[in-house]
Amino acid sequence: MMQPKSRVKIVGEEILSNGWTRLSSYLLDYIDRKGATQRLKREVYHRTPAACILLYDPKRDLVVLVRQFRLAVHLNGDPAWMIEVPAGLLDDDHPEQAIRREAMEETGYRLREARFLFKSYPSPGAIAEVVHFFVSFIDTADRIAEGGGLAEEHEDIEVLEIPLDEATRMIETGEIFDTKTIVLLQWAALNRHKIR
Ligand SMILES: Nc1nc2c(ncn2[C@@H]2O[C@H](COP(=O)(O)OP(=O)(O)O[C@H]3O[C@H](CO)[C@@H](O)[C@H](O)[C@@H]3O)[C@@H](O)[C@H]2O)c(=O)[nH]1
Ligand SMILES: [Mg+2]
């Protein structure tokens with residue numbers, strides 16, 4: 001089999017938009033499985049890498065989630081104050097450094113450890129974003145600030161402490177419908193015997 005890299009040649013990039021995030025239209029020559037070269041046009045939204053984390057308190061058997069307004073969800077007509085695990089863009093930091101910073105800014109919890117679980121592409125058909133997933137075991141004593149997000153960035157984040165079983169049920173009821181949050185709550189359900 002041909003090496004994957006030699007099957008793809010970028011022929012051109014047209015920048016369609018270069019605001020908060022760059023949106024490009026690419027022309028590429030792609031050699032398919034039969035060896036034929038296809039010239040393809042593909043749009044890519046160059047989101048920067050991100051990280052997210054499940055904050056689980058084993059003593060209280062609860063998770064710390066955040067609720068904030070998401071415009072894209074609002075435009076789709078879905079309930080837009082979304083319940084999510086804390087998450088954020090890496091902003092050129094190492095994923096662990098970034099998620100420690102985001103956990104503090106959004107929830108006020110200072111993490112003792114942050115364990116890397118896996119990385120994932122939430123929407124690989126069009127979006128370059130890769131998300132690094134973490135888990136951290138927390139205790140009430142670790143909450144040293146209010147959280148709520150950065151005022152200068154107009155973040156308006158509500159911190160929620162929800163029993164793990166209830167949060168898992170909220171996937172079934174449709175109250176939690178953010179992918180990274182579903183993935184981490186399902187990770188907790190799969191690893192229940194190890195974390196409780
Ligand atoms: N000026 C400007 N600011 C923006 C824009 N989009 C986002 N911001 C600001 O950029 C900051 C991003 O906050 P983070 O905590 O770093 O990221 P996040 O929005 O929580 O992102 C995480 O969740 C998203 C939804 O699941 C993910 O898409 C993202 O990759 C990441 O996981 C916020 O202050 C937000 O207001 C924009 O178009 N323009
Ligand atoms: Mg965030």
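Me: How much of residues 88–109 is helix and how much is strand?
Reply: In this predicted model, residues 88–109 are 59% helix and 9% strand.

Me: Which residues does UniProt give for the domain "Nudix hydrolase"?
Reply: The unreviewed entry lists residues 46–184 under that name. That span is 24% helix and 30% strand, with its end C-alpha atoms 24 Å apart.

Me: And where does UniProt place the "binding site"?
Reply: The unreviewed entry puts that feature at Ala87, Glu102, Glu106 and Glu155. These residues span 69 residues in sequence, yet no two of their C-alpha atoms are more than 12.5 Å apart, so they gather at one spot.

Me: Take Glu102. Is it buried or exposed?
Reply: Glu102 is buried, because 23 other C-beta atoms lie within 10 Å, and the cut-off for that class is 20 or more. Glu102 belongs to helix 2, residues 95–107.

Me: What is Glu102 in contact with, leaving aside neighbours within four places in sequence?
Reply: Its contacts are Ala51, Pro86, Ala87 and Gly88. Of these, Ala87 is itself listed by UniProt under "binding site".

Me: Where does Glu155 lie?
Reply: Glu155 is in the loop that runs between strand 9 (131–137) and strand 10 (158–163). With 16 other C-beta atoms within 10 Å, Glu155 is partly exposed. Not counting residues up to four places away in sequence, Glu155 touches Gln68, Gly149 and Leu150.

Me: Now the ligand. How many residues surround ligand 1?
Reply: There are 15 residues around ligand 1, and the closest are Trp20, Ala50, Ala87, Gly88 and Glu153. Strand 4 (50–57) and strand 7 (87–89) are the elements that give two or more residues to this shell. The largest share, three residues, comes from strand 7.

Me: What is the make-up of that shell by class?
Reply: The shell around ligand 1 has six nonpolar, two polar and seven charged residues.

Me: Changing topic: how is the protein chain divided into domains?
Reply: The division gives domain 1 (4–45) and domain 2 (50–195). Their C-alpha centres lie 32 Å apart.

Me: How do strand 2 and strand 3 run, and how many bridges join them?
Reply: Strand 2 (residues 22–31) and strand 3 run antiparallel and are joined by nine bridges. In this pairing, Asp29 stands opposite Arg39 of strand 3. The two strands form a hairpin with five residues between them, and Gly35 in the turn has a positive phi of about 90°.

Me: How many residues of strand 3 are buried?
Reply: The count is zero among the nine residues of strand 3 (residues 37–45), so by the criterion of 20 or more other C-beta atoms within 10 Å the strand is hardly covered. Over the protein chain, 21% of the 196 residues count as buried.

Me: To finish, how many helices and strands has the protein chain?
Reply: The protein chain has five helices and ten strands. Its C-alpha atoms fill a box of roughly 60 × 40 × 35 Å along the principal axes. Among contacts between residues at least 6 apart in sequence, 56% join residues at least 24 apart.

Definitions and conventions:
Residues are numbered from 1 along each chain as its sequence is written. Chains are lettered from A and ligands numbered from 1 in the order in which they are written. This is a predicted model: local features need pLDDT of at least 70, side-chain atom pairs count only at pLDDT 80 or more; totals for chains, interfaces and linings use all residues. UniProt positions are given in the numbering used here, feature names are shortened, and annotations may be inferred rather than shown by experiment. Helices (H or I, at least four residues) and strands (E, at least two) are DSSP runs, numbered from the N terminus. A residue is buried if 20 or more other C-beta atoms lie within 10 Å of its own, exposed if 12 or fewer, and partly exposed in between; C-beta atoms are placed from the backbone. Two residues are in contact if their C-beta atoms, placed from the backbone, lie within 7 Å. A residue is near a molecule or strand if its C-beta atom, placed from the backbone, lies within 6 Å of it. Ala, Val, Leu, Ile, Met, Phe, Trp, Tyr, Cys and Pro count as nonpolar, Asp, Glu, Lys and Arg as charged, and the others, Gly among them, as polar. Two strands pair if DSSP finds at least two bridges between them. Domain bounds come from an automatic or database domain assignment.
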